[in-house]
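Open the model in your viewer and keep the sequence beside it. The tour goes from one selection to the next.

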Amino acid sequence: MSTIPRTTAPASANGEPAAGRAREAAALLADVRSHARREFAQPLDRLDPCERWRALALAVRDRMMDQLVATSGRYHAAGGKRLAYLSMEFLVGRSLANNLRNMGLFEAAQEVFAGLNVDLAGVLEDEPDAALGNGGLGRLAACFLDSLATLHMPGYGYGINYEYGLFRQELADRGQREKPENWLTFGSPWLIQRPSERVHVPVYGHIEHGHDQAGGYNPMWMGWKVLVGVPYDMPIVGYGGQTVNYLRLYSARSANELDMEFFNSGDYIRALETEILSETVTKVLYPSDAIPQGRELRLVQEYFLVACAVRDMVRRYLRHHPTFDDFAAHVAVQLNDTHPALAVAELVRYLVDEVGMVWEAAWDIVTRVFGYTNHTLMPEALERWPVPLLEKVLPRHLQIIYEINRRFLAQVAKVYPGDDARLRRMSIIEETDGKVVRMAHLAIVGSHSVNGVAELHSRLVATRLVPDFAQLWPEKFNNKTNGVTPRRWVLTANPALGALLTRTAGPGWVTDMDRVRAVEPLAADAGFGDEFRRIKRANKDRLAAFVLDRLRQVVDPAALFDVQVKRIHEYKRQLMNLLHVVHLYLTMVEDGTEPPAPRVVLFAGKAAPGYWAAKQLIRLVQAVAREVNRDPRTRGFLKVVFLPDYRVSLAEMIIPAADLSEQISTAGTEASGTSCMKFAFNGALTIGTMDGANIEIRRDVGDDNVFVFGLRAEEIDDLRRKGAYHPRDYYEHRPLIRRVLDAIAGDRFSAGQPGAFRWVFDTLTGEDRYFLLADFEDYVATQHRAATAYRDPADWTRKAILNVARTSGFSSDRTIRQYADEIWGLRPIPPVEDVNELRPEGTLPGRE
């Protein structure tokens with residue numbers, strides 16, 4: 001049983017007396033006024049909207065800094081282990097509202113701005129989203145940081161301080177257009193530069209083969225170029241405001257100064273060349289790998305992150321320890337997918353080359369420090385780096401990877417003598433089509449724990465993705481179902497629902513989601529149901545107003561809000577959702593059949609710049625929406641909307657307004673999915689396949705409160721194995737499918753561009769890799785069942801309330817407790833008043 005205590009709520013959330021709130025508001029107002037003068041040389045009432053939110057953010061940051069210092073002191077005094085969470089993405093979103101709530105300052109801020117006749121909600125809207133991630137991987141990492149701080153655990157994120165993030169999405173007639181995401185144009189009040197802790201990162205160069213005085217082989221990495229990693233700390237405050245950890249983000253800088261000789265001669269570009277090339281490393285998230293330069297830049301990015309992180313954690317450790325004997329007892333590192341897998345080779349390199357440790361001792365430390373989280377079942381999504389590229393960028397690391405592989409394969413050969421096929425499958429170096437390094441294999445070999453992120457996913461990792469490794473090391477493999485933070489996704493995103501839960505379940509639900517079970521008996525209560533429905537309708541009204549303002553489209557808040565918002569990818573099957581829209585449209589305009597309930601189908605999500613099919617899908621959604629929305633025969637029954645530039649702040653508006661949550665990936669493809677959890681937290685019903693976390697949501701909320709359809713993962717595996725799936729037969733023999741595909745392949749939606757969407761027909765009747773046609777008719781029938789259920793508001797509300805009440809297991813607090821207990825060996829270090837409940841009798845702080 002976990003020893004981690006439940007954290008307390010901020011005083012204001014526990015009914016702080018009015019006088020106390022008034023004092024807090026007065027102190028906050030004074031600090032906001034002070035920052036208005038010091039930062040902007042203006043009185044508070046003359047600040048523009050951008051300046052107002054920054055002045056408030058700086059006042060909040062002052063308080064967070066005090067707690068950050070106190071937290072660091074507490075951790076230092078207690079000793080113990082620290083976690084380094086390495087991720088290429090941290091999709092933080094906006095921070096001010098979340099920080100205000102976690103610090104217990106939200107009501108005080110409302111009072112401050114009400115006194116100025118300014119709406120706090122408008123102030124919060126002026127904050128840009130921190131463009132540090134793309135999808136679920138990055139948002140999960142952000143939720144984990146929130147939970148670590150809330151649970152008083154010394155856990156820190158390490159990432160890259162992207163200047164432009166992924167991209168800002170705009171929609172044009174031809175679909176998605178990518179624009180720079182200038183989130184740092186005016187800097188960020190949340191980023192604290194730490195130039196004294198900068199890191200020098202070598203890249204490129206060559207190996208000189210030498211020998212030491214004893215005659216042993218002593219390779220030397222020579223001729224490298226140097227990048228400078230400058231850390232910026234983003235404070236992460238836990239709920240209650242007593243623990244503040246941080247996310248450390250690195251910006252790349254040049255090690256060389258401006259070349260004055262070139263500058264003075266007028267060659268300004270050449271004078272800045274080194275600086276420009278160095279700083280390119282942290283300009284954008286995921287540079288396109290469609291060209292060699294992009295692939296090389298992405299590899300440099302990944303190494304830059306892990307080199308900075310390893311140097312930083314080593315430096316911190318050595319401040320308090322003279323040797324590396326206790327390194328694994330004080331440091332845990334979690335690799336969030338394969339992007340930071342080079343950390344395994346980097347720590348070996350540091351210990352062997354710079355510390356002078358023998359290989360066996362270094363490898364023992366490495367394999368006790370690292371854990372690896374797998375996030376994909378797609379073999380093509382598991383990173384593979386060409387050996388020539390690694391040799392160019394990181395020649396010493398390639399040597400180390402070869403040595404890791406040599407020793408590992410010798411171990412495998414002892415266990416499975418004569419099994420050359422197994423050796424080829426398990427080798428870190430794949431040689432089938434040119435030599436490449438399999439980064440997932442490197443992460444598995446170098447880690448003591450390998451986890452999936454949902455029960456089905458973890459089982460498939462061990463049985464389908466890397467079964468040889470699971471047979472060799474069954475003890476390494478485990479499941480940690482993902483979770484999301486209720487502070488962000490209910491308390492901040494849906495404050496009215498949060499207030500309702502507080503009134504009925506008490507304020508403790510914010511850090512103990514099990515308490516939300518208290519609302520389950522009220523699911524059938526008419527008064528509670530009415531209040532729940534009013535909250536949902538207010539959220540739908542807000543989203544409808546946003547759609548009208550941004551897209552000049554009118555949507556009816558009384559309609560069923562059918563929502564699919566996530567990264568655009570074929571396996572997520574946004575195309576199947578769109579085919580259903582076409583089916584509804586055709587049944588209305590050709591058959592004269594009205595749907596059971598009016599429906600607004602809302603899409604949002606970004607397509608990777610080089611992903612042709614995903615970008616074409618966005619274009620098709622636009623084309624179908626244009627036709628459907630202007631046809632008078634659909635008025636009042638069907639509306640299609642694509643909201644551009646999906647991001648955390650937009651998700652915070654969309655998710656609380658959703659009635660139906662589309663989680664329709666092909667069974668056996670989605671690792672977990674976390675949007676399904678956010679929607680369920682907010683009372684949306686899931687329509688989905690038995691994939692990822694959908695399975696666990698169905699189990700917890702009950703069969704009657706979700707809409708499940710489609711083939712199971714084992715059925716799909718069986719069809720693939722037997723070669724028994726023939727999608728063309730579905731087109732030939734299923735009239736419903738034929739009509740929809742013919743409409744898309746023809747010119748109905750092509751807007752004068754014949755054949756523009758013929759690719760849909762060719763793809764689905766050809767390979768149909770994601771079994772869309774196999775699931776489509778069941779999906780249509782299940783959608784009809786959902787629309788029919790929506791016609792009964794009381795029963796739909798009862799189902800929605802049960803979704804909220806029964807999803808406590810999907811809090812990221814639960815996930816972090818499991819990681820801490822079962823993988824990291826991490827214990828909480830709470831504020832002084834809570835320490836006694838954790839300390840064994842007769843022990844002193846830091847002396848257990």
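At what angle do helix H30 and helix H32 pack? Select residues 735-745 for H30 and 772-790 for H32: the angle is about 105 degrees, and the axes are 10 Å apart. Helices here are DSSP runs of H or I with at least four residues, strands are runs of E with at least two, and both are numbered from the N terminus. Axes are lines fitted to C-alpha atoms, for helices over the stretch in contact, and angles run from 0 to 180 degrees between N-to-C directions. H30 and H32 are therefore roughly perpendicular to each other, a term for angles of 65 to 115 degrees.

This is a predicted model, in which local features need pLDDT of at least 70 and side-chain atom pairs count only at pLDDT 80 or more, while totals for chains, interfaces and linings use all residues. Residues are numbered from 1 along each chain as its sequence is written, and side-chain values use heavy atoms, with hydrogens and water left out.

Show side chains next. Leu 736, Ile 737, Val 740 and Leu 741 of H30 meet Leu 773, Phe 776, Glu 777 and Val 780 of H32, where contact means heavy atoms within 4.5 Å. By class, this contact has seven nonpolar residues, no polar and one charged. Ala, Val, Leu, Ile, Met, Phe, Trp, Tyr, Cys and Pro count as nonpolar, Asp, Glu, Lys and Arg as charged, and the others, Gly among them, as polar.

Now go to the open sheet. Its six strands are paired in parallel, in the order S20-S19-S18-S21-S22-S23; two strands pair if DSSP finds at least two bridges between them. At the edges, S20 (638-643) and S23 (707-708) each pair on one side only. Select 560-565 and 660-663 to see S18 and S21, which are parallel and joined by two bridges. Val 563 has Ser 661 of S21 as its bridge partner. Helix H23 (574-589) lies across S18, S19 (599-604), S20 and S21, at about 155 degrees to S19. Helix H24 (612-630) also packs on the sheet, touching S19 and S20, and its direction makes about 145 degrees with that of S20.

Finally, select 206-211 and 217-222. These are strands S7 and S8, which pair in the antiparallel sense over six bridges. His 211 has Tyr 217 of S8 as its bridge partner. Five residues lie between the strands of this hairpin, and Gly 215 takes a positive phi near 90 degrees.

Definitions and conventions: Angles under 35 degrees count as roughly parallel, over 145 as roughly antiparallel, 65 to 115 as roughly perpendicular and the rest as oblique.
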